Each structure stands twice: as structure tokens, then as C-alpha cells.
Amino acid sequence: MLHSQPIRKVVILGGGTAGWISAALLKKLLGEAVAIELVESETIGTVGVGEATIPPIQVLNSVLGINEAEFLRETKATIKLAIRFENWKQQGHQYYHSFGAIGKSMAFCHFHHLLKRAGGLDDESQLWQYDLNYLCAEAGKFAKIKSKDPIIDMPYAYHFDAGLYAQYLRKFSEKLGVVRTEGLVEQVVQCQQSGSVQALVLKSGQKVTGDLFIDCSGFKGLLIQDTLRTGYEDWSHWLQCDSALAVPTERHEKTAPYTRSIAHSAGWQWRIPLQHRNGNGLVYSSSHYSQQEAADILMSNIDTKPLADPKLIRFQTGRRYQQWHKNVIAVGLASGFLEPLESTSIHLIQSAVVRLVHLFPHQGITTDIVDEYNKQSKVEFEQIRDFLILHYHVTERTDSQFWRDMRAMEIPDSLRHKIALFQENGRLFRDQNDLFLENSWLQVMVGQGIIPKDYHPTANSMSLEYIEETLKKIKAIKADPVSKLPSHDEFLAHYCKLG
Ligand code: FAD
């Protein structure tokens, strides 16, 4: 037994997105069984970015019982159907990683094998003609679609204002009974024998005691690293960007229902459309750009008025070796960081808290519980890491040293294996609960330039005429709803008045 007392009180250090998601979800799911106190310092503030999400956030909202219209209104959110990757494969090229399903699900072989057999994959842009999310993203359309036909489905996520989101969750959590304490933690009291954390001492002298501590203190990891020294696995040899400049700008007249990711010579730029403004930023490698060069690139590639000066954020890609150690669990930036290329950090917070709930040590903390938590977290981080590396490594760009290095680098064996299987005849497998399903890997592999040499032999079980007829029908079914849908802006204007 690492900590033999029952867990009656959880203390969360940090009031950013990680702190408030942890507070809301734990209180909602564990109810009266535990008291929750969240400590945050207004002097330090939050990282202030993190505005694009992925569809599993809908599970979070639904578990919390959040009214979607109210949520969109209060966080100035918009709909996200996809990410558009520009200049990643080559300058001037673009492709989408959409949340929709390409084609339809088939019993024996994935849809893309049929497309390959009919010659449709050799012109890669054909792939997205079978995807409703893509068609609506391009047309700037959105509505919540309910259809009896399972192939008419449009999964979506949100873009929201990070500051408003934290405020929204704070209000929500306080209503459930979470206690918030404002103050700067200056000292951490540990048990002399076990090293477990016993209390946080604030600048005011106030002592906040607890049984289990969730470290949501941001990059520094005040408990998991500064106090418990768990160490950090550095992945910056694979993901070499280590800095970001973020700047809000005025909104565009039309609100795109997708995130833009625009590659530059040593990094990439995001554009996230919100109801009241755009979020923009440049993620870059500081070995290739000075801060001034990065600022010049960012500011010369935004086309609406800046609303503030660019804010610099430095980071190191990787993860804590032990995301749970003794009675401390690191969640959010304190647990590790993967750049926001696929908007995965907020999801990692959600998934960490769900994992904690499943393994909640109400009778005390055991080695088995901690090991299981750490094992699952490690796999999850590594799978996302591989998916991100794919974007950088599989490219035809040779126009800068950065891209030449990316093409030449040794990649993790797990990713090399996945690419080899796909390259040969389009085989894709979902690996141990990988967050990204086959459909995501397919779009990014093809979008970055891998066209399988062959298709799976099961595609030969149908005649070519039948396959071509089926492809034609699916394309027509997917395209049919688009013209009937309202624009994304019309949807937001109408929907935000509801609820
Ligand atoms: P923070 O926001 O840094 O919060 C830390 C909290 O700890 C604050 O409340 C602070 O006051 C408190 N604290 C720290 N020290 C003390 C102390 N001594 N005493 C008291 N309180 C203390 N994620 C996505 O999912 N999508 C995105 O599009 C996305 N974009 C990103 C872009 C960039 C450039 C970066 C860097 C990250 C991005 N992320 C994104 C990640 C996302 O921003 C974070 O996962 C999210 O904001 C959670 O941050 P956090 O709560 O862990 O840390």
C-alpha cells in the first residue's frame, strides 16, 4: 500500500483548463464521496491558449450535463468539422483531416480498398469526395444532422475561447460544491517517511490539506516535478518545435467550420475561428527561427487586425515518466506536452480524469493502481506522438533544412511499422484504444503523400462495375445534404439563442 488512508479529500492545484475539467468531472462523478478544493493563483494566471478540440469533448459535455446552446454562447464557440492542413505535403498543397467517415464502413475491407481498386486513390483528392464533413467544411455549412442512414453522419467538435471556457467550468464546478481557494502556493509539505504530499502552504500562510493531489499547475509541474522529481521523457528529437507565439485577431466576415494549420519553413501556424475573434499562433523551432523572425512570419500571415501583441510560450515536447507518483497525479500541461497540431491536449485532460475515476483509490493507493494508470497514460501519449510525427516525417518538402531533417530523421519503430503496412496495401489497424481511428490515419497518410501500392484482395470479391456503381451512389448520398444546410454562421446565430 503506497497510501493506506481512504481518499476523502482531493486537492487540485491549478485553475486552468486542466484544473477546472478535473474539478467538474470528479465532482460530478464522485459526488459526496469526496470533497474537492481547487487552489489557483490569479497572479500567475493560465497559459491562455488551447481553443481547438476533438469530438470526444461531446462525451465530456454530456456526462457533465452541459446544455450545448448555452455552452456555445458562453464560450463564444464555433463548430469544428476538420483541420485543413496547408503546405504540409508540398507548398501550395492542402488536405483535410476531417472527423467524418470517408465512404462507409464495410464488413470485410475498408472503403479505401474499393477506391484504390477503382483507381480513385491515385488521384488522392478523390478520397474526400466521399466525406460529408469535408464537403460541409469547404462549403462553410453546418447543422446538427439526424438521419436514419448511418452514412449520413457529421461528427464535430468545437473551437472556444480558453479563458471563457475555464470561467464556464468554474461556475459549473462551484455549483456542484467544489471549493475554490485563491492564493499562491509557496511551500509543499510532504510526509517525512513516505514523501507523499500532505499540504500546500499559501503565501497568506493558509494550509490546504488533502489525501490526493492533482497537479494542474501547468508546464512547471509544481508537485509532480518540483516536489516529487519524477523526471521527463524528452521527445524533442522527433518533434522539434519548442516555442509558440499566439495572437488574437479580429474575426473574418464568414466563420469557417474548421481549424487551419499552415506549414512554414520551420513550423506551422494555426487559425482558430471563434464567434468574436480568431485565435492565431505560430508553433516553431527556436533553432531555426529567432523570436523576431517568428513574429514577422506570424504577423505577415494574418489578414485581420491584431487585438494584442504576440505572446511567447516555450515548451518541451514529452511526458513525465510517472504521471501518477505517490499521492500526486499530474493532469494537463504538468503531465507532459504534445504540440497542438491535432488539438489533443484538452482531450488528454479529459481522458486522464476518466482514467482516474475508473481507478479511483477510495480505499487507499496501491502500486497496482498507480502502475495501471501510468501504463495506460504512456501508451496514450505515445500513440498521439506517433500520429504527430507522421505529419512532419512524411512530406515531399525539401525547401528548408527543417523539412530536410524531418524527412531524414529516424522515427519510432511503432510508426515505421504502421507506415510500412499502409504503404504496401493500405492495411490500417487500430492499436490498443488509439484515440485516432483508421479513418484519421488514412486521411493523414494519404494527405501527406503515401498512396498504397496495392489494395486488399477482399476488394476483388466484387466486380469492378459493382464497385464503381457503389462509389457513385455513396458520393451522391454524401453530397445530397450539403446544399440544404444553413451556413455555419446562420446555424450559430440561430442555435445560440436556444437553451
Ligand atoms: P495552465 O493553463 O498553465 O494553468 C496552470 C494553473 O496553475 C493556473 O491556474 C495557475 O495559476 C496555477 N498555478 C501554477 N503555479 C501555482 C502556484 N504556485 N500557486 C497557485 N496556483 C498555481 N490544447 C488543445 O486541446 N487544443 C489546442 O488548440 C491547444 N493549443 C495550444 C497552443 C499552445 C501554443 C499551447 C502551449 C498549448 C495548447 N493546448 C491546446 C494545450 C492547452 O492549452 C492546455 O492543455 C490547457 O490549457 C491546460 O493547461 P493547464 O490547465 O494544464 O495549465
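Which residue does the UniProt annotation "binding site" (unreviewed entry) cover? The annotation in that record covers Lys 80, with UniProt positions given in the numbering used here, feature names shortened, and annotations that may be inferred rather than shown by experiment.

This is a predicted model, in which local features need pLDDT of at least 70, side-chain atom pairs count only at pLDDT 80 or more, and totals for chains, interfaces and linings use all residues. Residues are numbered from 1 along each chain as its sequence is written.

**View 1. Lys 80 lies in strand β3 (residues 78-80).** Strands (E, at least two residues) and helices (H or I, at least four) are DSSP runs numbered from the N terminus. According to the unreviewed UniProt entry, the annotation "active site" also covers Lys 80. Lys 80 counts as buried because it has 29 C-beta neighbours inside 10 Å, the cut-off for buried being 20 or more other C-beta atoms within 10 Å of a residue's own, with C-beta atoms placed from the backbone.

**View 2. Contacts of Lys 80 beyond its sequence neighbours.** Leaving aside neighbours within four places in sequence, the residues in contact with Lys 80 include Ala 52, Thr 53, Tyr 156, His 159, Pro 257 and Thr 259, where contact requires C-beta atoms, placed from the backbone, to lie within 7 Å.

**View 3. The shell around the ligand.** Among the 38 residues around the ligand, those that come nearest are Gly 14, Gly 16, Gly 50, Gly 218 and Gly 332 (a residue is near a molecule if its C-beta atom, placed from the backbone, lies within 6 Å of it). Helix α1 gives the most to this shell, with three residues, and α1 (17-30), β2 (35-40), β13 (243-249) and α9 (345-358) each supply at least two.

Technical notes. A residue is buried if 20 or more other C-beta atoms lie within 10 Å of its own, exposed if 12 or fewer, and partly exposed in between; C-beta atoms are placed from the backbone. Two residues are in contact if their C-beta atoms, placed from the backbone, lie within 7 Å.
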